[in-house]
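Please read it alongside the sequence and the structure shown here.

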Amino acid sequence: MKKENNINKPVLIAGVVIFTISVCIIFPYESSKTSYLAELHFTFLTLALAMFTLMYGLMGKHFFKGLLFLIFSAIFGFCSWAIFLYNDFWGVIPALYAGVPAGIVAGLVFLIFNYQFIKDDNKTRLFVKRLILYSVILFISSLLFAKGGDWIFELTEYFKNK
C-alpha cells in the first residue's frame, strides 16, 4: 500500500528548527540593535529558508508547483493593488510594496487551507471553492496590509500603558 502524503520528516524537522532559531535567537538579537524593520536581514533570510524547507518537506515533488503558485500569487496581488490604486504613475509604488507581500501571504495561507480543508470530487465545485477561498484570503491579507499598521508597536505600547 502506497502512502498518499509522502512527508519527509527530517526536512520538516529541519524547517521547524530553522524557524525556531530565527524567531527565538536571531530576531531578538537583531531587533535589539535596530529600530527599522528593513534592517532585520538575517531574520528575513532565515524565515525564508525555513519557509522553503517546510514547503519542500510538505509538498515533496510538488514543491516547484507551490513555488510557481506563490510567484503568480505575488504578481496577482501586485496587479490587484495596481488596478485599485492606479490614479497616476506613483500608484504603482504602494502596489509594489504592499501588493507583493499581500499576495505571498495570501498564497501561503491558501496553500495551507487548500491542503487541509478543501476536498471535493466535483472539479467545478472544487475550482469554485478554491477561487472563493483565495479571493477572500487575498482580500483579508490586502486589507491587513493596507489598514493594519504596525501591530507589534501598537501591542507593546498597549501593554506598556497597562
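A residue is buried when its relative accessible area is under 20%, exposed when that area is over 50%, and partly exposed in between, with a 1.4 Å probe and protein chains only. Buried residues account for 26% of the 162 residues in the protein chain. This is a predicted model, in which local features need pLDDT of at least 70 and side-chain atom pairs count only at pLDDT 80 or more, while totals for chains, interfaces and linings use all residues. Residues are numbered from 1 along each chain as its sequence is written, and side-chain values use heavy atoms, with hydrogens and water left out.

**Overall architecture**

- The protein chain contains six helices and zero strands; helices (H or I, at least four residues) and strands (E, at least two) are DSSP runs, numbered from the N terminus.
- Read from the N terminus, the order of elements is α-α-α-α-α-α.
- Along the principal axes, the C-alpha atoms of the protein chain fill a box of roughly 55 × 45 × 35 Å.
- Of the contacts in the protein chain with a separation of 6 or more, 58% join residues 24 or more positions apart, where contact means heavy atoms within 4.5 Å.

- Two packed helices are described by the angle between their axes and the distance between the axes.
- Axes are lines fitted to C-alpha atoms, for helices over the stretch in contact, and angles run from 0 to 180 degrees between N-to-C directions.
- The axes of α3 and α4 come within 7 Å of each other and cross at roughly 140°.
- This angle makes α3 oblique to α4; angles under 35 degrees count as roughly parallel, over 145 as roughly antiparallel, 65 to 115 as roughly perpendicular and the rest as oblique.
- The α3 and α4 crossing is right-handed; a crossing is right-handed if the near helix is turned clockwise from the far one by less than a right angle, and left-handed if anticlockwise.
- The contact of α3 with α4 comprises 19 nonpolar, six polar and no charged residues. Here Ala, Val, Leu, Ile, Met, Phe, Trp, Tyr, Cys and Pro count as nonpolar, Asp, Glu, Lys and Arg as charged, and the others, Gly among them, as polar.

- Helices α4 and α5 pack at an angle of about 140°, and their axes are 8 Å apart.
- Helices α4 and α5 are therefore oblique to each other, and their crossing is right-handed.
- Residues making this contact include Ala102, Ala106, Phe110 and Phe113 of α4 and Arg130, Tyr134, Leu138 and Phe145 of α5.
- By class, the contact of α4 with α5 has 13 nonpolar, five polar and one charged residue.
- Helix α3 (residues 63–85) and helix α5 (residues 123–147) have axes that come within 11 Å and cross at roughly 60°.
- The pair α3 and α5 is therefore oblique, and its crossing is right-handed.
- The contact is formed by Phe69, Ser73, Phe76, Gly77, Ser80 and Trp81 of α3 with Tyr134, Leu138, Ser142, Phe145 and Ala146 of α5.
- Those residues divide into seven nonpolar, four polar and no charged.

**Nonpolar cores**

- A nonpolar core is a set of buried Ala, Val, Leu, Ile, Met, Phe, Trp, Tyr and Cys residues joined through side-chain atoms within 4.5 Å.
- The largest such core consists of eight residues: Ala106, Phe110, Ile118, Leu126, Leu133, Tyr134, Ile137 and Leu138.
- Helices α4 (92–116) and α5 each supply at least two residues of this core, and the largest share, five residues, comes from α5.
- A second, separate core has five residues, among them Trp81, Ala95, Ala98 and Ala102.

**Selected residues** (contacts leave aside neighbours within four places in sequence)

- Ala106 is in contact with Ser73, Tyr134, Ile137, Leu138 and Ser141.
- Ser73, in helix α3, counts as buried at 2% relative accessibility and is in contact with Gly103, Ile104, Ala106, Gly107 and Tyr134.
- Leu138, in helix α5, is buried with a relative accessible area of 7% and is in contact with Phe76, Gly77, Ser80, Ala102, Gly103 and Ala106.
- Leu138 and Ile104 are 34 residues apart in sequence and 9.2 Å apart in space, C-alpha to C-alpha.
- Leu108, in helix α4, counts as partly exposed at 23% relative accessibility and is in contact with Met51, Met55 and Leu70.
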